[in-house]
Structure formats: C-alpha cells, structure tokens
Amino acid sequence: MKKQVLLAGLLLAFGIGAVQAADVVAGKAKANACAACHGMDGNSPAPMFPKLAGQHASYIEKQLKDFKSQTRIDPTMNAMVGALSDEDIADISAYFASQKTTIEVADVEKITLGEKLYRGGNPDSGLAACQSCHGPTGTGNEPAGFPSLSGQHVTYLEKALNDFKSEIRTNDVSEMMRNTAGKMTLKEIKAVSSYISGLH
Ligand code: HEC
Ligand code: HEC
C-alpha cells in the first residue's frame, strides 16, 4: 500500500515536470501563427514588427501575458494572444528564444551621440546609462527582467521609447522605462535607437 502511494507520487511529480517544461519543437509549430509579422525565425522582415529571435524566453512570456491581461495595449497583439494557453505561451517563447537575431546597421551620423547615451546616459537630465541594465552588448539580463535590445529594428525601438515616454506603455516593473524614456529628448531617442540596432 505504502509502496503504491509512493509510486503514484513519483509518477505525478514526473508528469507535472513534463508538462511544465517548454517544448521548442511544439513552439515552432505554434509560431506559424506569428510568422507573417515576426518572421518564421523571429527576425521580422518589416521594421514596425519587433524581432523576437534571441530574446529571453521569460521576457517574451511576460509580454504575451501582459498583452493577454491588457496590461500592455496593442490591438493586433491583444487579439493574437487571446486563444493562447500558458503552455502555448511557454512553448512559443522557448522557440523564439532559441533563434539567432540578425543585426542591423547603425546610421553613422547618430553613432557618437547614441553610444554616449547608451554607455553613460546624460548627467544633465539625470538619464541613466542603458548599459547598466541592458548590458554592454545589449543582450540584457534575463534573471533581472532586462530584455535583449541587440539588433532590434530602429522603427520599433523608437516607438517603444516614445510609448514609455508618453505612458502609452505602462507594463514596466517599477516604472523603470517610463522614468528612463521620460527624461529623453526625441533627438536622443532617435540616436540611441539607431546605435542599439547595430549593437552586438
Ligand atoms: C499582424 C501582425 C502580427 C502578428 C500576426 C503577431 N504579432 Fe506580435 N507584434 C505585432 C506588433 C505590431 C507588435 C508591437 C506592439 C507595440 O508596438 O507595442 C508586436 C509585439 C509582439 C511582442 C512584444 C515584443 C517586445 O519586444 O516587447 C511579442 C512577444 C509578440 N509580438 C509575439 C507574438 C506572437 C507569439 C505571435 C503569434 C502567436 C504574434 N506576436 C503575432 C504584430 C504581430
Ligand atoms: C533600471 C534598468 C533600466 C535602464 C537604466 C534602462 N532600461 Fe530599458 N528596460 C528595462 C526593463 C525592466 C524593460 C522591460 C519592461 C517590460 O517588462 O516590459 C526595458 C525595456 C526596454 C525597451 C523595450 C524593449 C522591447 O523589446 O519592447 C527598450 C527599447 C529599452 N528598454 C531601451 C532602453 C534605453 C535606450 C535605455 C537607456 C537610455 C534603457 N532602456 C535604460 C530596464 C532598464
């Protein structure tokens, strides 16, 4: 009797473990629904759609759950995630995280200012250096929840920063990005976005 209970317990533990582990292969099949905009390998062909390739799985998961709960508003994405289960979200996120991001080419004229802001912020306005959270090569810090920015499209980066600045996007924990983008001028947003698109 005792033995049977133990066995059942072990099987249960095993079963739950198997369900929770994200499945990259299943994720690839489920990501078909995303390919038209984000690209099959997560490198979106059009610059208004963010690249997902190489992004941290936990960041992608957070965004999809935020779109689902409407904590982050985008009519297209709010509609896209409605039918996704937690398991679908975990699988798709693991799949895109396993892909390699492509790198863009920064505009030469914007590199000097962009690099200065990324590395050192702007002491005059109290703007923090981006690299203190997003890392020296823009790959972020997954455990801390700082996304990878490396190689992202300029158009999307500018939109994201403007959305934080105008508080259209408010799903950043502790207002970290609203506080950051709120201190930036439009010129600074353009320069740093261009710099980041070529950063790796
Ligand atoms: C019709 C085009 C379209 C389709 C299809 C689509 N997306 Fe998106 N996605 C967008 C747009 C546009 C944004 C940017 C939203 C914004 O500006 O805030 C976005 C943003 C995202 C983000 C946030 C990225 C970031 O860096 O913060 C994730 C994650 C995402 N989509 C995942 C998916 C997944 C997973 C699917 C498939 C289930 C999907 N998308 C299907 C258009 C699309
Ligand atoms: C204190 C830490 C911190 C600093 C400093 C910081 N960021 Fe962020 N950033 C974050 C966090 C956290 C997020 C994710 C918010 C979320 O969960 O949606 C983020 C998100 C972003 C995004 C959106 C990414 C996406 O895929 O949608 C962009 C763009 C960005 N940061 C650019 C910058 C730039 C440019 C700077 C420097 C001027 C900077 N960040 C400084 C913490 C930081």
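How many helices and strands are there in the protein? Switch to a cartoon view and count along: there are 11 helices and 0 strands. Keep in mind as you go that this is a predicted model.

**Start with the whole chain.** Colour the cartoon from the N terminus onward, and the elements read α-α-α-α-α-α-α-α-α-α-α. Now turn the model along its principal axes: the C-alpha atoms fill a box of roughly 75 × 35 × 30 Å.

**Next, select ligand 1 and zoom in on its iron atom.** Show the side chains of H38 and M77, which are the protein donors here. Counting every donor atom, the iron has 6, with angles of 88 to 179 degrees among them, and the site is octahedral. For six octahedral donors, the ideal angles are 90 or 180 degrees.

**Stay on the two residues and bring the cartoon back.** H38 sits in helix α3 (residues 35–38) and M77 in helix α5 (residues 75–80), so the pair ties together parts that are 39 residues apart in sequence. Are H38 and M77 buried or exposed? Both are buried.

The accessible surface of the protein comes to about 11100 Å², and carbon and sulfur atoms account for 63% of that. Of the 200 residues, 40% are buried. Among contacts between residues at least 6 apart in sequence, 66% join residues at least 24 apart.

**Last stop: colour by charge.** You will find 20 positive and 21 negative side chains, and the centres of the two sets lie 3 Å apart.

Methods. Residues are numbered from 1 along each chain as its sequence is written. Chains are lettered from A and ligands numbered from 1 in the order in which they are written. This is a predicted model: local features need pLDDT of at least 70, side-chain atom pairs count only at pLDDT 80 or more; totals for chains, interfaces and linings use all residues. Side-chain values use heavy atoms; hydrogens and water are left out. Donors are N, O and S atoms within 2.8 Å of the metal (3.2 Å for Na, K and Ca); water is not among the atoms, so sites may look incomplete. Four donors count as tetrahedral if all angles lie between 85 and 135 degrees; four count as square planar and six as octahedral if opposite donors are over 155 degrees apart and all others between 65 and 115; anything else is irregular. Helices (H or I, at least four residues) and strands (E, at least two) are DSSP runs, numbered from the N terminus. Buried means under 20% relative accessible area, exposed over 50%, partly exposed in between (1.4 Å probe, protein chains only). Contact means heavy atoms within 4.5 Å. Accessible areas come from the Shrake-Rupley method with a 1.4 Å probe; for residues, only the protein chains shown count as cover. Lys and Arg count as positive and Asp and Glu as negative; His and the chain ends are not counted. The place of a charge is taken as NZ of Lys, CZ of Arg, CG of Asp or CD of Glu.
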